[in-house]
Each structure stands twice: as structure tokens, then as C-alpha cells.
Amino acid sequence: MNGYLFRYIMKSIVRRRREIIRVIVATFVAVFFVTGVLTFESNMYYWQMASNKERFGSWFVMEPGNDKVNEGLVNNPYLNSPVTSTNICNIMDEDFEVTKYKMGFFTEDFLNQGHITLLEGRMPESDSEIAGDMNTLLKLGYSINVGDTITVRFLDKNNNNEEKTKDYTLVGILRSYSNIWAAGDILPGIIVSEQGMQSLNMKMNTVYAYSIKNYVKTSDYRGIYENNLKKLANGKLYYNDDVYDFKPWGSKAIYNYMYLLVVVIGVVTISYQLIGYHNS
């Protein structure tokens, strides 16, 4: 009985070989197309994630304006030890009206984690030198030529907000971050050296930037921020969504389209087979 059934099946396959081959080819092409699109989406995601980290930094959350480190964040199992930058004062315009741009200092660790790089020149080394974020220099109307003298206006918080000016030599121009980062405006846009920071002798505010540990899945990042970290913040806590919330296809419609396409291909294939058997 089994031998007879096998021969019957083989004869049926031989009789319908053209239809079967067409169905196999059509199915293969459809599956190949869908698989190719989904593979491209996956590879594009990882490529874009790496590109975003290079452009926007690999920090995960930042907490500004605290003189003391947040122990809850430091001891959090998801986060690495923080790197720091320091805000000394807000920069004033020509009428001594306060602007949102700040003068301060970056540690080497912060520059590396933030992927903050020089477009031209070098970082300041003496108390008479500064470097500037390109966006900040342009917005404040400062020169963007290395070697030029820039007059910075600020209020001396140690002397009843006394209006002060100081001339600096611009020695470096940094790739813009203040206008493209999530929370880029909480960082100093005019950078002094460590010696220059100490010479100003004013009360300073520290910004702590934390990176996330490697074992955490990217899909969990938003949930960790919303459900675990926000409640630990002493004040505002900024999440680097420019990097970690990236999706190659922002709309869910494209995924629904792909699933629908697979279903349609399956239904058409089965219908084609049934019609062929019915006609024969």
C-alpha cells in the first residue's frame, strides 16, 4: 500500500512538475525579497546606531547642576561610573543680558565618552585660552578663526554678580554639540583649561554623564530610563534618545505591510495549487 501511494505521488509530481516549479520559484523569490528587506533593516539599524553614537556620544543619561554625585545613579546596576563636565557661569551678551550659553571645562573622559572632537586647532592649555563649540561661537557672534581674540562677558557670582569681561585667545573649534545633542545646551559651549577654571574662582556646577553597561539590550533602554532611573534623579535627568530611540522605519506601517505581504503570498500560492488540482 505504501509503495503504491508513493508511486502515485511521484506520478502526480511528474505530471504537475511545471506548476510545482513555478510555485517553488515564485515562493522563493517572495521569501528572498522579504528576507532581504528585513535583513537590510536589521543591518541598517546597527549601522545607524553606531553612526549615532559617533555623532551624539555614547552617554546614556546626564544629570546637571549638582555639587554632589547622585549615589543612586552611581550604584545603579545598569550604569557605569560617571564622567563629568563643569559649568562655571552663563555667558552674557554685549548688553550684559544673560544667554543660555555657558563657559566651563570638560574632563578628558567626558570628551571621549561624548565623542566631542576638534574641527580645528587644539584644546586650551593656559588660563588665557579657550576653545568653542562651533554653534555657540556663531550664536554669540564670536570669531571662528583660530588665533583671534574673543571677549567673554560674565557675572562674577562671588562679588554680587559684578559685571566682568575677559579676553581669551581662541585656540580650538569643536564640532557642534550644543544644538544637536539631547540636552546639549546644559553643557559649556566655551571651554577653558583646568587652570583657567581655577583662576576664575567661582562656584561651579557639575554635569554627570553616565554610560550604560554592555550587557543591557538596546530594546530595554527606554524602559530602564522610564521605570528605574528617572525616579532616582535629584533634579532633571536627560536621556540620550537621539541615539537609543532610533528606528530605521519609524512607522509601524512598514512592518504591517511586510507581514501582510507574506500572508498574501501564502494565500496566492495555496490558491494556485488548489486551482491547478481542480482543473486537472
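Mentor: Start with C89 and its neighbours. Leaving out residues up to four places away in sequence, C89 touches Y101, K102, M103, F154, K157 and M202. Touching, or contact, means heavy atoms within 4.5 Å. Take K102 from that list. K102 is 13 residues from C89 along the chain, and their C-alpha atoms are separated by 5.7 Å.

Before going on, note the ground rules. This is a predicted model, where local features need pLDDT of at least 70, side-chain atom pairs count only at pLDDT 80 or more, and totals for chains, interfaces and linings use all residues. Residues are numbered from 1 along each chain as its sequence is written, and side-chain values use heavy atoms, with hydrogens and water left out.

Is C89 buried or exposed? C89 is buried, at a relative accessible area of 6%. Buried means under 20% relative accessible area, exposed means over 50%, and partly exposed lies in between (1.4 Å probe, protein chains only).

Now place C89 in its strand. C89 sits in β2, which covers residues 83-92. Helices (H or I, at least four residues) and strands (E, at least two) are DSSP runs, numbered from the N terminus. Cover is the rule in β2: 8 of its 10 residues are buried.

Next, see which strands β2 pairs with. Two strands pair if DSSP finds at least two bridges between them. One partner is β3 (residues 98-106), joined to β2 by 6 bridges in the antiparallel sense. Within this pair, N90 stands opposite K102 of β3.

β2 and β3 form a hairpin with 5 residues between the strands. There, F96 has a positive phi near 55°. Another partner of β2 is β9 (residues 205-210), also antiparallel, with 5 bridges. In that pairing, N87 faces N205 of β9.

Move on to the nonpolar cores. A nonpolar core is a set of buried Ala, Val, Leu, Ile, Met, Phe, Trp, Tyr and Cys residues joined through side-chain atoms within 4.5 Å. The largest one has 36 residues. F60, V61, M62, F110, W181 and L187 touch the most other members. β1 (61-66), α4 (108-114), β9, α7 and α8 (241-244) each give two or more residues to this core. A second, separate core has 22 residues, including I88, I130, Y168 and V192.

Look at F60 by itself. Among its contacts beyond four places in sequence are L79, Y210, I212 and Y244. F60 also touches Y221, I224, Y225 and L229. Those four residues are buried in helix α7 (residues 221-229). Seen down the axis of α7, its buried residues fall within an arc of 100°, so they line one face of the helix. The arc is taken from the directions from the helix axis to the C-beta atoms.

Charged side chains come next. Side chains of opposite charge can pair when their charged atoms come close. A salt bridge puts a side-chain nitrogen of Lys or Arg within 4 Å of a carboxyl oxygen of Asp or Glu. The structure holds 5 of them.

One joins E129 and R122, at 2.8 Å from N to O. E129 is buried at 13% relative accessibility, while R122 is partly exposed at 32%. These two and E125 are linked in a network of salt bridges. Another salt bridge joins D156 and K164, again at 2.8 Å from N to O. D156 is buried at 4%, and K164 is partly exposed at 30%. In a further one, K230 meets E226 at 3.4 Å, N to O. K230 is partly exposed at 40%, and E226 is partly exposed at 34%.

Finally, step back to the whole chain. The protein chain has 9 helices and 10 strands. Of its 280 residues, 39% count as buried. Among contacts with a separation of 6 or more, 77% come from residues 24 or more positions apart.

How far does the predictor trust each part? Confidence is given as pLDDT, a value for each residue from 0 to 100. The chain has a mean pLDDT of 82, with 71% of residues at 70 or more. Confidence is highest in strand β8 (residues 190-192), at 96, and lowest in helix α9 (residues 253-279), at a mean of 64.

Note on methods: pLDDT = per-residue confidence, 0-100.
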